[in-house]
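Here are a few friendly notes to read with the structure open beside you. Take them one at a time and find each spot as you go.

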Amino acid sequence: MLFGSIVGQEVVKKKLIRSVAENRVGHALLLSGPEGNGALALAVAFARYLNCTARTPEDSCGTCPSCRKFARLAHPDLHFVFPVVRSASSRKALSDEYLTEWRETLLADPYLTYERWLGALDSENKQAGIFVDESDQIVRKLQLTSYEGLYKVIVFWLPEKLNQQAANKILKILEEPPARTVFLMVSEAPLMLLPTLRSRMQEVEVPPLDDAVLMEQILPLMDGDAGRARLVVQNACGSLPRALLLARPEEDEEALLQQFANLMRGSWAFIHKANIGPFTEWCEMMAGLKREQHKMFLSYALRMVRECFVISVQPTLAVLSPGEQEFLRRFRGYISVTNAGALANELSLALRDIEANGNKNLVFWDLGMKVGALLPSIASSS
Ligand SMILES: [Zn+2]
C-alpha cells in the first residue's frame, strides 16, 4: 500500500507525511473514523513511509528493500494486531496465528471491513476480539531490541475490540514506549476505547470519503450511468467498500427491493390477516443469507422507510430507482409520520443485533413481528 493507491484523504496523507518531514512522529497515533474510509490502508502506507529509505515528499519509493518487504506486508518491523477468534484447537488467540490469512486478505482488500475479516476467518457466527495474550505478545515483541528498519510499527486494527484486561496491559506499553516504536491504531469506534487509552494517543480523524471521490471510483464501474451512481454515492455514507457493493448490477438492487417488499407484505399479512405463510418464507430466505447481506438488507430497508416518509411529505426530495418508485407508490400509505420513526428504530435495533452477532433467526422473526404490528391494517389515503 502506497499513499498514492489510497483514494481521497489528501488532508490526512499530508498531515502524516508532514510529521515525518518535521521529525515529530508521535509514538502512538489513533486514526479514527467510520468503516470504509481507508484508515487501515493509510496506517499501512504510513508504516511503509516511515521505513522507506528513499522516500519522496509525496510517497514511499516503492522499490527499496524495505518497500519491497512492505509490499508483501512481510517486513520484520511491521507488526499487526487485529481481532481474532479463539478457536478450540488453538492454545492462544493471537494475531500472529492468523498472519497468513491476514496478509492475503488485506493485500486483496485494503478497505477490509470487520465483517469481511470475520468471513475470511471463517467464523460466521463467532465474535472476534483482541485478548490478553495479544498484549503479552506485544510486550515481548517490543522487548526485542533488534531493528531492521527505521521504526518498529504496530498497526493495531480495531482497538475497540480489546477486552478490559488486554487494554490495561496496552496502557502500560503506551505509557513508556520503547524508542523508535510507533503504534498506529485504527478505530471505527473511538468512543468505545478506555479514555485513558485514548488520551495517550494523538488522534487523527479520518473522515468519510467525499462524494466526489466515491463518484470517481464507481462511475466507470456503472457504464457511466451518472443517475444511478449518484444514488449509490448517497447511500454509501462515505464508505468505499459500501459504494462498490452498491454499485453492483441492478439485479442485486432489485433483489433487495424484493426482500424489503416481502418483509412488509409478509409481516402485514401475518399480523393483520393471521396468514403466516409469506412471513415464514421471508424468515427462511433471510436465514439463508450471510451476515454481510443481512447488514446490506437492513441498511437498505432503513433507507426505504426514510424515502417512503420523504415521499409522503415532499415527493420531489425522494431519491429512488424506477422499481422503488413503483413499489412505494403502492405501499406509501402504510408508512407515515405516525410509524416511520418506530419502524426505523426497529430496523436499527435489528442492524445492531446482527452486527453484534445476534441469532439471525430470532432477530428477523422478532423484526418481522414488530414491523407487522407497526403497519396499519389499512393504508392511509394521504
Ligand atoms: Zn522505499
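Predicted model: local features only at pLDDT ≥ 70, side-chain atom pairs only at ≥ 80, totals over all residues.

1. Domain 1 and domain 2 have one salt bridge between them. The partners are Glu-115 and Lys-295, whose closest N and O atoms are 3.1 Å apart.

2. Domain 1 covers 3-207, and domain 2 covers 249-374. Their C-alpha centres are 37 Å apart.

3. How many residues of domain 1 are in contact with domain 2? Nine are, and they meet seven residues of domain 2. The area buried between domain 1 and domain 2 is about 700 Å², with carbon and sulfur atoms giving 31% of that area. One residue pair is in polar contact across this interface, with both residues at pLDDT 80 or more.

4. Next, please look at the zinc ion. Which residues coordinate the zinc ion? Cys-52, Cys-61, Cys-64 and Cys-67 do, each through its SG atom, at 2.3 Å. Along the chain, these donors follow the spacing C-x8-C-x2-C-x2-C.

5. Why is the arrangement around the zinc ion tetrahedral? The four donor atoms subtend angles of 104 to 117°, and four donors count as tetrahedral if all angles lie between 85 and 135 degrees. For comparison, the ideal angle for four tetrahedral donors is 109.5 degrees.

Definitions and conventions:
Residues numbered from 1 in each chain as written. Heavy atoms only, no water. Domains from an automatic or database assignment. Contact = heavy atoms within 4.5 Å. Buried area = accessible area lost by both parts, 1.4 Å probe. Salt bridge = Lys/Arg side-chain N within 4 Å of Asp/Glu carboxyl O. Polar contact = N/O pair within 3.5 Å; in protein donor to acceptor, adjacent residues only side chain to side chain. Donors = N, O, S within 2.8 Å, 3.2 Å for Na, K, Ca; no water. Tetrahedral: all angles 85-135°; square planar, octahedral: opposite > 155°, others 65-115°.
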